[in-house]
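Visitor: I am new to this structure. Please walk me through the features, one at a time.

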Amino acid sequence: GGDSAAAVQVSLFDLPDEASFHAAAEDALHSLREHRVLHLHSIAALEAEECGLPAIERKLIETIRRHDEWGLLQYREVNLRSLEYHAYTDGGSVLDPEHR
């Protein structure tokens, strides 16, 4: 059944080094002090269970699976590509008005 597929996960901490290219490109877009981004998935210290981030990642994936009303993920591997913290000050916003 779908339970065995649900057990197959790739942690966002297991992404290849090439994945940092996307973070660097995004950082260039977020270089204004009004909009800062912290890429939580790229901080080695946050890989430890004790910090709680891996548990949050598992909880997000479980929630995504639980709300998959069309069954699109039933036999598929599900993982998070990135986990970010965005901080905005006056005048800061996402540059793309279509960004969701």
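**A guided reading**

Guide: This is a predicted model. We start in a loop. His41 sits in the loop that links strand S1 (35-39) to helix H3 (53-66).

Visitor: Is His41 buried or exposed?

Guide: Relative accessibility decides that, and buried means under 20%. His41 has 15% relative accessibility, so it counts as buried.

Visitor: Which backbone atom lies 3.0 Å from a polar atom of the His41 side chain?

Guide: The backbone nitrogen of Leu83 does.

Visitor: Let us step back. How many helices and strands does the chain have?

Guide: The chain has three helices and two strands. Read from the N terminus, the order is α-α-β-α-β.

Visitor: How do the strands S1 and S2 run relative to each other, parallel or antiparallel?

Guide: S1 and S2 (residues 84-88) run antiparallel, and five bridges join them.

Visitor: How do I read the two faces of a strand?

Guide: In a regular strand, side chains alternate between the two faces of the sheet. Now take S1. His35, Val37 and His39 form its covered face. Arg36 and Leu38 form the uncovered one.

Visitor: Let us follow Leu38. Which residue in S2 is the bridge partner of Leu38?

Guide: Tyr85 is the partner. In sequence, Leu38 and Tyr85 are 47 residues apart. In space, their C-alpha atoms are 5.1 Å apart.

Visitor: Which residues does Leu38 touch, leaving out those up to four places away in sequence?

Guide: Leu38 touches Ile43, Leu83, Glu84 and Tyr85. Leu83 is also the residue whose backbone nitrogen lies 3.0 Å from a polar side-chain atom of His41.

Visitor: What is the relative accessible area of Leu38?

Guide: The value is 42%, so Leu38 is partly exposed.

Visitor: What share of contacts between residues at least 6 apart in sequence joins residues at least 24 apart?

Guide: In this chain, the share is 68%.

Visitor: Now charges. How should I think about a salt bridge?

Guide: Side chains of opposite charge can pair when their charged atoms come close. Here the count comes to one salt bridge. The side chains of Glu49 and Arg58 form it, at 2.9 Å from N to O.

Visitor: How accessible are Glu49 and Arg58?

Guide: Glu49 has a relative accessible area of 43%, so it is partly exposed. Arg58 has 34% relative accessibility, so it also counts as partly exposed.

Visitor: Next, the nonpolar surface. Which residues make the nonpolar surface patch?

Guide: Ile56, Leu60 and Ile64 make a patch of about 240 Å². Ile56 is in helix H3. At 45% relative accessibility, Ile56 counts as partly exposed.

Visitor: Where is Leu80 placed?

Guide: Leu80 is in the loop between H3 and S2. Its relative accessible area is 12%, so Leu80 is buried. Leu80 and Ile61 are 19 residues apart in sequence, and their C-alpha atoms lie 7.6 Å apart in space.

Visitor: Let us finish with the whole chain. What part of the 100 residues is buried?

Guide: Buried residues make up 20% of the 100 residues. His41 and Leu80 are among the buried residues.

Visitor: What does the accessible surface of the chain come to?

Guide: The total is about 7,600 Å². Carbon and sulfur atoms account for 55% of that surface.

Conventions:
Residues are numbered from 1 along each chain as its sequence is written. This is a predicted model: local features need pLDDT of at least 70, side-chain atom pairs count only at pLDDT 80 or more; totals for chains, interfaces and linings use all residues. Side-chain values use heavy atoms; hydrogens and water are left out. Helices (H or I, at least four residues) and strands (E, at least two) are DSSP runs, numbered from the N terminus. Buried means under 20% relative accessible area, exposed over 50%, partly exposed in between (1.4 Å probe, protein chains only). A polar contact is a pair of N or O atoms within 3.5 Å; within protein, one must be able to donate a hydrogen and the other to accept it, and residues adjacent in sequence count only if both atoms are side-chain atoms. Contact means heavy atoms within 4.5 Å. A salt bridge is a side-chain nitrogen of Lys or Arg within 4 Å of a carboxyl oxygen of Asp or Glu. Patches are made of residues with over 30% relative accessible area and no salt bridge: like charges are joined within 9 Å, nonpolar side chains (Val, Leu, Ile, Met, Phe, Trp, Tyr) within 5 Å. Accessible areas come from the Shrake-Rupley method with a 1.4 Å probe; for residues, only the protein chains shown count as cover. Two strands pair if DSSP finds at least two bridges between them.
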